[in-house]
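User: Could you walk me through how to read a few features of this model, starting with contacts?

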Amino acid sequence: MSDAVHEFTVEALDWKPYVRPVDLDTATPEQLDALKVTPSNKKVSAYVLVLANEAETLRERTPLFNDIMYSEGGLSRGGREIGALAASFVNHCIYCAAVHAARYIQLEKRPEVVEEIYRNGLDADLPEFEQALFNFGVDLTAHPDNVGTYQFYHLRETGLDDLEILDLIHSVAIFGWANRLMHTLGEPHRQE
Amino acid sequence: MTASPAADVIDTMLGLDRFPDLKALRERRGKLKHLTQTSYEAALRPAEPRNFSYGMRAALAARMATLWKSGELVAHYRALLDGEDPALSAIADPGTGAADADARLSAILAHVDLVTLAPKEATRANIEKLAAAGLDDRDIVTLAGLIAFVNYQVLVVAGLKMLRDN
């Protein structure tokens with residue numbers, strides 16, 4: 001286990017669980033049903049196989065995650081990835097950050113935004129729009145008991161409408177969920 | 001469970017019947033609103049509660065909501081404990097620590113507190129402590145899933161309150 005990664009990186013990583021994943025050969029019908037809704041049927045990730053230990057939860061969680069990150073309209077796809085990145089930096093989910101950094105770059109073609117977040121972490125100095133999204137993600141993740149008027153008007157001044165703000169809230173919140181699974185149930189390793 | 005299955009727990013606890021604009025905004029993301037509710041049911045009232053009773057799940061949820069000072073969620077989960085074993089109310093109180101519980105419960109409470117407030121501090125050793133206290137792999141995933149869901153709910157409720165009150 002010497003190749004476990006404990007620092008933020010943009011390189012592609014493997015995730016190795018601390019608990020036993022479900023074995024597809026012995027999975028129950030309920031587990032197979034919950035696993036079916038993942039993007040790929042043939043290669044189910046170790047992470048999803050771990051979550052399949054609780055099939056009832058996984059069955060709801062996968063479509064919820066997909067709707068939050070990929071639904072039509074509202075906040076841009078890249079904007080939602082900034083919310084995901086902010087949460088993952090606060091919660092130190094190295095694997096989540098690497099995946100969503102790559103996805104942001106793929107969507108927005110602006111690697112400099114991700115590079116600045118990786119360089120300066122929570123103190124990143126970003127263009128106005130991305131800064132507003134990132135700051136809100138950091139505040140909501142670190143201090144959910146202390147978001148209010150200040151955060152709201154900052155988002156409004158940046159031009160976000162109600163639906164965009166709602167989408168941002170959900171993209172941050174679902175990583176409050178995902179980080180607490182991925183960072184606690186296993187750890188990232190360099191790909192072999 | 002005091003709410004009928006048809007009632008959305010977040011709409012109810014935030015009193016959104018009195019805030020029709022915000023209720024309508026949530027409906028624009030109706031699919032995820034529905035899946036948030038079904039995820040609540042899967043985390044708190046699953047068909048197979050196995051080693052985590054409904055009362056224990058509600059008590060741990062009340063504890064997490066209290067750690068984040070999320071008043072509406074505290075009230076919601078505390079209400080689920082009305083008439084239940086008083087030991088569950090003690091679990092809901094973050095003042096009840098490891099010294100007050102048996103080894104299994106003590107490990108569970110320590111993990112709930114850590115992963116709620118400081119998830120970045122969690123390591124392999126924390127999962128090993130749960131296993132050493134007698135939790136099997138599925139128990140560990142169940143507990144992680146409950147912690148993760150309630151923390152998601154805390155953030156959603158905090159964000160919606162910001163929209164409601166500004």
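Analyst: Let's begin with one histidine. Leaving aside neighbours within four places in sequence, His111(B) is in contact (heavy atoms within 4.5 Å) with Asn126(B), Ile127(B), Leu130(B), Leu143(B) and Ile147(B). Before going on, note that this is a predicted model, where local features need pLDDT of at least 70 and side-chain atom pairs count only at pLDDT 80 or more, while totals for chains, interfaces and linings use all residues. Residues are numbered from 1 along each chain as its sequence is written, chains are lettered from A and ligands numbered from 1 in the order in which they are written, and side-chain values use heavy atoms, with hydrogens and water left out.

User: Which helix holds His111(B), and is His111(B) buried or exposed?

Analyst: Helices (H or I, at least four residues) and strands (E, at least two) are DSSP runs, numbered from the N terminus. His111(B) sits in helix 7 (residues 103-117) of chain B. For exposure, buried means under 20% relative accessible area, exposed over 50%, and partly exposed in between, with a 1.4 Å probe and protein chains only. His111(B) has 5% relative accessibility, so it counts as buried.

User: Where does Leu64(A) lie, and which residues does Leu64(A) touch?

Analyst: Leu64(A) belongs to helix 3 of chain A, and its relative accessible area of 0% makes it buried. Not counting residues up to four places away in sequence, Leu64(A) touches Ile174(A) and Trp177(A), along with Leu32(B), Leu35(B), Thr36(B), Ser39(B) and Tyr152(B) from chain B.

User: How many residues of helix 3 of chain B are buried?

Analyst: The number is 11 of the 15, so this helix is largely enclosed by the rest of the structure. For helix 3 (residues 30-44) of chain B, that gives 21 Å, and the end C-alpha atoms are 21 Å apart, which agrees.

User: At what angle do helix 3 and helix 4 of chain A cross?

Analyst: Axes are lines fitted to C-alpha atoms, for helices over the stretch in contact, and angles run from 0 to 180 degrees between N-to-C directions. The axes of helix 3 (residues 55-70) and helix 4 (residues 77-90) of chain A come within 8 Å and cross at roughly 120°. Angles under 35 degrees count as roughly parallel, over 145 as roughly antiparallel, 65 to 115 as roughly perpendicular and the rest as oblique. These two helices are therefore oblique to each other. Where they meet, helix 3 of chain A contributes Asp67(A), Ile68(A), Met69(A) and Tyr70(A), and helix 4 of chain A contributes Arg77(A), Arg80(A), Glu81(A) and Ala84(A).

User: How many disulfides are there over all chains?

Analyst: A disulfide is a covalent bond between the sulfur atoms of two cysteines. Here the rule is a pair of cysteine sulfur atoms within 2.5 Å, and the count comes to 1 over all chains. Cys93(A) and Cys96(A) form a disulfide with their sulfur atoms 2.4 Å apart. Their link is right-handed, with 55° about the S-S bond, and both Cys93(A) and Cys96(A) are buried.

User: Which residues other than glycine have a positive phi?

Analyst: Two cases to look at are His92(A), with phi near 60°, and Lys109(A), with phi of about 55°. His92(A) is in the loop between helix 4 and helix 5 (94-108) of chain A and, at 24% relative accessibility, counts as partly exposed. Lys109(A) is in the loop between helix 5 and helix 6 (111-120) of chain A and is exposed, with a relative accessible area of 63%.

User: What feature does UniProt place at residues 58-124 of chain A?

Analyst: UniProt positions are given in the numbering used here, feature names are shortened, and annotations may be inferred rather than shown by experiment. The unreviewed UniProt entry gives "domain: Carboxymuconolactone decarboxylase-like" for residues 58-124 of chain A. In the model, that stretch is 78% helix and 0% strand, with its end C-alpha atoms 34 Å apart.

Definitions and conventions:
Expected span 1.5 Å × (residues − 1).
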